[in-house]
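Please open the structure in your viewer and keep the selection tool at hand. The tour below tells you what to select at each stop and what you will find there.

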Amino acid sequence: MCDALQTPRQYSQPGDLIIGGITSQFFSMSDSDRFEEPPKGNLLHEPLALLKNYQHVLSLVFALKAINEDPHILPNITLGFHIYDSYFDARMAFRNTLSLLFSQNRTVPNYNCGIWKNLIAGIGGLDSETTLHMATFLSLYKIPQVTYCLFAPAMSEVIQRSPLYQVVPNEEHQYTGIVQLLLYFHWKWVGIIAINDEKGDRFVQSLAHRFSQNDICIAFTERIPAYKSIYELYGMSGQFQNMAIFLTETNVNICIINADSQSMSALQLILVQFDPDSMRPIGKVWVMTAQFDFSSGIQHRNLDLQIFDGALSSALHLTEVQGFQKFLQRLNPHTEEDGFIRTFWQQAFDCVLPDINVGKETVNTCTGEEKLENLPGPFFEMNMTGQSYSIYNAAYAVAHALHAMSLSRTKYAIMVDGCKLECPKSQPFQLHRFLKTFSFNNSAGEEVSFDENGELIGGFDIINWVIFPNKSFLRVKIGRIDPQAPPGREFSMNDPTITWHSRFNQVAPLALCNDHCHPGYSRKRKEGEPFCCYDCAPCPEGKISNQKDMDDCSKCPDHKYPTKDRNGCLPKNLHFLSYGEPLGISLAVFALSLSLTTAVVLGIFVKHRNTPIVKANNRELSYVVLISLLLCFLCSFLFIGQPHFLICLLRQAVFGVLFTVAISSVLMKTILVVLAFMASKPGSKMKKWLGKCFANSVIAFCSFVQVCLCLVCLCNDPPFPDVDMDSLAEEIIVECNEGSAKMLYYILGYMGFLSLTSFFVAFFARKLPDSFNETKFITFSMLVFCSVWVSFVPTYVSSKGKYMTAVEIFSILASGLGLLGCIFSPKCYIIVLRPELNNKGHLIRRNKLRI
């Protein structure tokens with residue numbers, strides 16, 4: 001009986017204990033199975049190699065060689081190995097896992113034909129499918145498996161049910177890092193490329209969930225058709241050409257790729273379809289997962305690798321391992337034990353080894369002296385890649401666990417013949433408890449630790465790929481994803497070292513569905529479009545946005561107002577009637593002029609106090625009216641300037657009481673004219689009311705009523721300085737809050753009552769026979785006074801801020817001027833300009849003529 005699937009490529013070395021490995025470096029060249037006939041025996045004849053993955057084999061061999069040479073690890077025990085390839089094929093992964101367990105000549109489970117491999121642990125595979133295929137059999141025999149592949153978070157349950165240990169961090173951290181990277185550069189409009197299988201589905205779903213939580217939109221999701229062999233892959237050239245055209249035409253600058261080997265091989269075939277003569281350049285920032293190590297097969301020799309210049313990827317953290325390059329330089333393609341090197345060597349150097357039967361047309365023969373360091377970086381690297389470093393750590397993890405187990409077994413030694421000690425044979429299942437939560441330092445001096453889930457404790461580096469025209473490249477570390485860092489510092493970046501694709505002129509590209517909404521605008525979602533696509537609407541009046549892409553405009557603080565462009569706030573100015581502005585100056589000059597005029601009139605009256613025109617109609621009342629008017633004009637200065645508590649408390653009350661004194665004095669003058677006429681009749685008893693006592697009593701009573709009104713209002717709800725931040729958009733009104741809003745109207749109402757009383761009394765007394773009868777002038781003055789204050793109320797109510805104050809000052813001055821001009825200007829005219837009329841004879845003559 002023989003196997004239909006032959007496995008000619010393997011690498012083995014004997015030892016006391018065997019570590020098995022399954023790598024993935026060859027692609028199957030067979031057609032897809034239709035299960036209509038048995039598999040062909042030449043299934044894997046000359047497969048296509050993914051050249052760089054040969055380093056995975058070498059890193060395991062190098063690690064075990066170093067462990068065997070180290071006297072401090074497993075003394076007296078030699079570790080051997082047996083390495084097979086999965087060929088990226090489930091059948092071969094199962095077949096070669098069985099070959100690790102049993103005889104390589106027959107694939108009969110639990111039947112070893114007398115040949116037991118003594119397998120202590122397995123290392124592999126490159127992807128989650130291969131790893132789980134291995135685990136299917138290794139878990140049955142309780143054999144520990146250390147894998148170096150990243151598992152999607154959705155597969156965590158499957159992993160926990162298998163005896164798997166990961167020498168890579170949890171892939172959840174990688175997805176979180178990709179999101180943080182996009183947010184760091186404000187990239188919100190990205191495309192996703194993944195292979196169209198279950199693994200690709202998990203990748204897309206994991207990112208889509210995180211993107212939606214962070215306001216990142218997926219512009220497109222391009223799925224690469226799944227394939228099982230290179231023949232299938234090359235049969236998709238038509239689809240690949242359409243994808244290449246799509247990538248050239250889309251304006252999305254950021255493409256996120258699940259960069260496993262199969263996806264990247266297909267992507268490179270897609271990019272090979274690019275025709276620079278008929279297509280626009282493909283200028284993208286490729287954001288790739290940690291599986292990416294820039295591997296290319298021989299079928300990609302003509303690919304312009306500068307398409308990937310400036311790419312970003314997460315990467316497994318690694319430390320340089322001493323001696324690895326020298327180990328590589330000693331490789332010999334004629335090594336018999338290594339069944340992989342011949343295929344690698346021929347495809348890498350595009351030659352044929354001399355002991356291979358070839359046709360006469362072949363002229364390029366391998367000498368065996370070719371230098372690995374001369375190979376382009378995408379084919380092979382002399383430094384360990386991240387995945388090779390993980391395999392290296394996997395070998396050391398198994399070795400240190402075995403060493404710990406061998407030390408613990410000494411207390412279980414068995415006595416034979418009374419003196420000889422024998423230790424029980426090592427069993428693979430015993431190794432599990434030493435691998436769990438295990439920690440050690442590898443030969444590079446780096447600590448390697450597993451958590452309770454069997455995952456490596458660590459994070460990822462963020463790499464910027466710099467590609468040169470000769471196909472060499474540099475990995476530049478620009479950041480770090482460290483889940484163990486303090487909160488807020490798990491993600492770190494170093495911007496200045498980033499190299500971008502030449503299309504972007506060394507400026508970080510934009511990744512938005514549309515341009516930014518600048519300050520002064522807010523985002524308005526477009527109907528039927530993803531939430532990342534929006535229009536920009538200007539902020540409404542009274543609101544601002546001071547950052548790009550604001551979802552909504554906001555109001556300024558109360559003490560600030562929006563700028564003209566509505567992109568910021570400016571401090572509001574204080575708004576009050578001041579002496580430093582034209583309105584305040586004008587009113588102050590007007591008030592001062594009227595005060596001086598009143599003082600001059602008072603002086604004229606005092607100087608000519610004994611003349612008939614001054615003595616008529618009660619000289620003392622004229623003095624009271626003039627003095628009260630003078631004080632009324634001066635009280636207007638209480639309304640100019642920034643108000644404070646005392647000013648607010650006094651100004652309305654002082655204004656009301658002074659005007660009440662003036663109006664009540666005018667009223668008394670009018671009453672005295674009437675009483676004087678009535679007293680002139682024979683037998684009249686009115687003479688007793690013509691004395692000063694009666695006049696002073698009336699004035700005092702009228703003023704007392706006003707004082708009482710003011711005191712009640714001041715005690716009940718006193719005025720105080722206040723600010724109004726809402727009435728004016730750009731200024732803060734500093735005003736006196738009058739407390740009781742009715743106080744001013746009480747004052748004006750009482751003054752109106754007195755003035756109307758005076759008006760009616762004067763109106764009916766205007767025709768009384770008297771040369772110096774001033775009731776006509778009082779009638780007109782009261783008419784002016786009432787007109788001013790009636791028009792004051794609606795004007796005052798409709799004004800704001802300092803203009804309210806200005807209206808009140810103007811009303812005070814205008815009404816006072818009406819009293820002064822109408823009552824006293826005729827008398828001043830006679831006293832100053834017509835003194836001949838200011839005599840008693842003229843008064844008697846006028847009276848006789850009237851009689």
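Begin at residues 847-851, where pLDDT stays under 50 and for which the model has five contacts beyond four places in sequence. This is a predicted model, and pLDDT is the predictor's confidence in each residue, on a scale from 0 to 100. Next select residues 415-421, another stretch in which pLDDT stays under 50, and for which the model has six contacts beyond four places in sequence. For the chain the mean pLDDT is 83, and 85% of the residues reach 70 or more.

**The whole chain**

Zoom out and show the chain as a cartoon, in which 22 helices and 29 strands are to be found. Of its 851 residues, 52% count as buried. If you consider the contacts between residues at least 6 apart in sequence, 70% of them join residues at least 24 apart.

**A cis peptide bond**

Select glycine 124 and glycine 125, which are joined by a cis peptide bond with omega at about 0°. Glycine 125 belongs to the loop that runs between strand E6 (119-123) and helix H3 (128-138).

**Two crossing helices**

Now select helix H8 (residues 237-249) together with helix H9 (residues 261-272), and turn the view until you can follow both axes, which come within 8 Å and cross at roughly 75°. How are H8 and H9 oriented to each other? Angles from 65 to 115 degrees count as roughly perpendicular, and H8 and H9 are therefore roughly perpendicular to each other. Show the side chains where the helices meet: Phe240, Met243, Ala244 and Leu247 come from H8, while Ala266, Leu269, Ile270 and Leu271 come from H9. Sorted by class, this contact of H8 with H9 has eight nonpolar residues, no polar residues and no charged residues.

**Two residues with positive phi**

Move on to aspartate 350, in the loop between helix H11 (341-349) and helix H12 (386-408). Its phi is near 55°, which is a positive value in a residue other than glycine. Then select arginine 566, which has a positive phi of about 60° although it is not a glycine. Arginine 566 is located in the loop between strand E25 (560-562) and strand E26 (569-571). Is arginine 566 buried, partly exposed or exposed? Because its relative accessibility is 28%, arginine 566 counts as partly exposed.

**A buried asparagine in a loop**

Select asparagine 514, which you will find in the loop between strand E20 (491-493) and strand E21 (521-525). Although it lies in a loop, asparagine 514 is buried, because its relative accessible area is 17% and the cut-off for buried is under 20%. Which backbone atom does the side chain of asparagine 514 reach? It reaches the backbone nitrogen of tyrosine 534, at 3.0 Å. Display the surroundings as well, and, leaving aside neighbours within four places in sequence, you will see that asparagine 514 is in contact with Lys526, Cys532, Cys533 and Tyr534.

For the last stop, select threonine 660 in helix H17 (residues 645-679), which counts as buried at 0% relative accessibility. Its side chain makes a polar contact with the side chain of glutamine 706, at 2.8 Å. Not counting residues up to four places away in sequence, threonine 660 touches Cys702, Ser703, Gln706, Tyr750, Met751 and Leu754.

From there go to serine 703, which lies in helix H18 (residues 692-716) and is buried, with a relative accessible area of 11%. Beyond residues up to four places away in sequence, serine 703 touches Thr660, Val661 and Ser664. Use the distance tool on the C-alpha atoms of serine 703 and phenylalanine 659, which are 44 residues apart along the chain and are separated by 9.1 Å.

Finish with valine 707, which is also found in helix H18 and counts as partly exposed at 28% relative accessibility. The C-alpha atoms of valine 707 and glycine 656 are separated by 8.4 Å, although these residues are 51 residues apart along the chain.

Definitions and conventions: Residues numbered from 1 in each chain as written. Predicted model: local features only at pLDDT ≥ 70, side-chain atom pairs only at ≥ 80, totals over all residues. Heavy atoms only, no water. Helix = DSSP H or I, 4+ residues; strand = E, 2+ residues; numbered from the N terminus. Buried < 20%, exposed > 50% of the residue type's maximum accessible area, 1.4 Å probe, protein only. Polar contact = N/O pair within 3.5 Å; in protein donor to acceptor, adjacent residues only side chain to side chain. Contact = heavy atoms within 4.5 Å. Axes fitted to C-alpha atoms, helices over the stretch in contact; angles between N-to-C directions. Parallel < 35°, antiparallel > 145°, perpendicular 65-115°, else oblique. Nonpolar A, V, L, I, M, F, W, Y, C, P; charged D, E, K, R; others polar.
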